[in-house]
Amino acid sequence: MTEPKVELKDLFRPGTGSEPPYLAGRMEEQAFFEDRLEKLVQRQNIVSDMIVYGPRGNGKTAMLRYLQKKTDDRLETLWLTPSEFEGTGQLIELIDGNDPGLLKRTQKLIRPLFQNLSASANIGVARAQASLNRPKETLALKDVLRKKCKKKPVIMIMDEAHTLDPDIVRVLFNASQDIRGEDCPFFLVLAGTPNLESELRKADATFWSRSAIFPLGRLSSEEARDALTLPLKQHGIAFDHEAATEVSRRAHRYPYFIQVWGDCIAKRLHETGASEVKMDTVREVEKKAASKCNAMYKDRYAELREMNLRSPAIRIGQAFSETDEKYISGVEMENLVGKALQDEGASPANELILDNIRKLSHIGYIWEVSVPSEIEGEDPLLCYEPGIPSLMQYVRRQAMGKFER
């Protein structure tokens, strides 16, 4: 079925979590997902789950929407978010809500378990019982997934997975590992912010680290230009190379900002009827695009203050501004955060330093990367780069009490 053509003024939809008009980059993730789909259709064994993580605004949900469209009626796709359920019992009910017979059988197994836990007035006793009953939860989830997979291969896509309860994570990964080991055609995809990995570690789920893991960062310069130019090309709009390069630079190759600029440009073209984007077009929309980007800066800056991260954020931004290097080593990052904590009168304990770094990564202020060592044969170095360079500039201006007129 041919999809209806989208009007030019509605071509880009930043911030909606919708699939972009062109999903730039992410080729490795797409290839992996499509390979697993083919294996599922052929009922071949899927040897690993898929984990995708990256800061907000880097297109995780949009990419998941794109991947979801790759499925068809030969498969059953379960799209879930942790906000839809509070425990394993509710998760099972969501999975089998469309199969009353199966749901009824499942409830007989799982409901008494949770009723016993709820009836306990002692929190410690409830937690102890919960721990003892984890195998029963896993068995119940395995049973329901196994029956599903007999009818059709199943893909479960879990967005916002960093908010999952650790106990549910453990049950989910154990169930996935076990039924895939029985050659059931099941594929689990989890997506979340950069602290997803640390949350999975907390869950002590043995098998999560065997998953295929894909970190989503900013786009390359070429990918950023493609994200802008190719959708407009489908509408007969030519995009001057110099103008595309300038927009990519101003957007810092950040997927959300690319969509913001694309939206402003497309709406301007709709108003003027122009069929080409030049530097003049960029200048005509720059104030509107900058205003929308500044709204995000203000939100992130407020988060930094609320999370007591303002001082380390300023120090990190200053360090990046004073060097020509694109990266800061992990050791230097820890030193910067430690000094910032001392400035605030806090003890720079190692765990507090690492917690600050995790939080800064979570909101996308910094982004962890592996940089090849200059010494041949040595392992890559753990380093950090700016998640959004322009956000660091905004934070530094706020610290100095400066603003742009």
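User: In this predicted model, at what angle do helix α6 and α7 pack, and how far apart are their axes?

Analyst: Helix α6, residues 166-181, packs with α7 at an angle of about 80 degrees, and the two axes are 8 Å apart. Angles from 65 to 115 degrees count as roughly perpendicular, so α6 is roughly perpendicular to α7. On the α6 side the contact is made by P166, V169, R170 and F173, and on the α7 side by L200, K202 and A203.

User: Over how many bridges do β3 and β4 pair, and which residue of β4 stands opposite I155?

Analyst: Strand β3 (residues 154-158) and strand β4 (residues 186-192) pair in the parallel sense over five bridges. The residue of β4 opposite I155 is F187.

User: Which residues of helix α9 are buried, and against what do they pack?

Analyst: A residue is called buried when its relative accessible area is under 20%. In α9 (residues 241-250), A243, A244, E246, V247 and S248 are buried. The buried residues of α9 pack against α8 (221-233), β6 (238-239), α10 (255-272), β7 (276-277) and α11 (279-306).

User: Which residue caps the N-terminal end of α9, and what follows this helix?

Analyst: The cap is D240: one of its side-chain oxygens lies 3.1 Å from the backbone nitrogen of E242. After α9 comes H252, with a positive phi near 55 degrees.

User: How many disulfides does the structure hold?

Analyst: A disulfide requires two cysteine sulfur atoms within 2.5 Å. The structure holds zero disulfides. C184 is in none, and the nearest cysteine sulfur, belonging to C149, is 5.2 Å away. The closest cysteine sulfur to that of C264 is in C293, at 7.9 Å, which is too far for a bond. C184 counts as buried at 10% relative accessibility, and C264 counts as buried at 4%.

User: Is D263 buried or exposed, and what does its side chain contact?

Analyst: D263 belongs to helix α10 and is buried, with a relative accessible area of 5%. The side chain of D263 makes a polar contact of 2.7 Å with the side chain of K267. If neighbours within four places in sequence are left aside, D263 is in contact with K9, F12, P14 and K292.

User: Is E222 buried or exposed?

Analyst: E222, which lies in helix α8, counts as exposed at 54% relative accessibility. The C-alpha atoms of E222 and R253 are separated by 9.2 Å, although these residues are 31 residues apart along the chain.

Conventions: Residues numbered from 1 in each chain as written. Predicted model: local features only at pLDDT ≥ 70, side-chain atom pairs only at ≥ 80, totals over all residues. Heavy atoms only, no water. Pairing = 2+ DSSP bridges. Helix = DSSP H or I, 4+ residues; strand = E, 2+ residues; numbered from the N terminus. Buried < 20%, exposed > 50% of the residue type's maximum accessible area, 1.4 Å probe, protein only. Contact = heavy atoms within 4.5 Å. Polar contact = N/O pair within 3.5 Å; in protein donor to acceptor, adjacent residues only side chain to side chain. Axes fitted to C-alpha atoms, helices over the stretch in contact; angles between N-to-C directions. Parallel < 35°, antiparallel > 145°, perpendicular 65-115°, else oblique.
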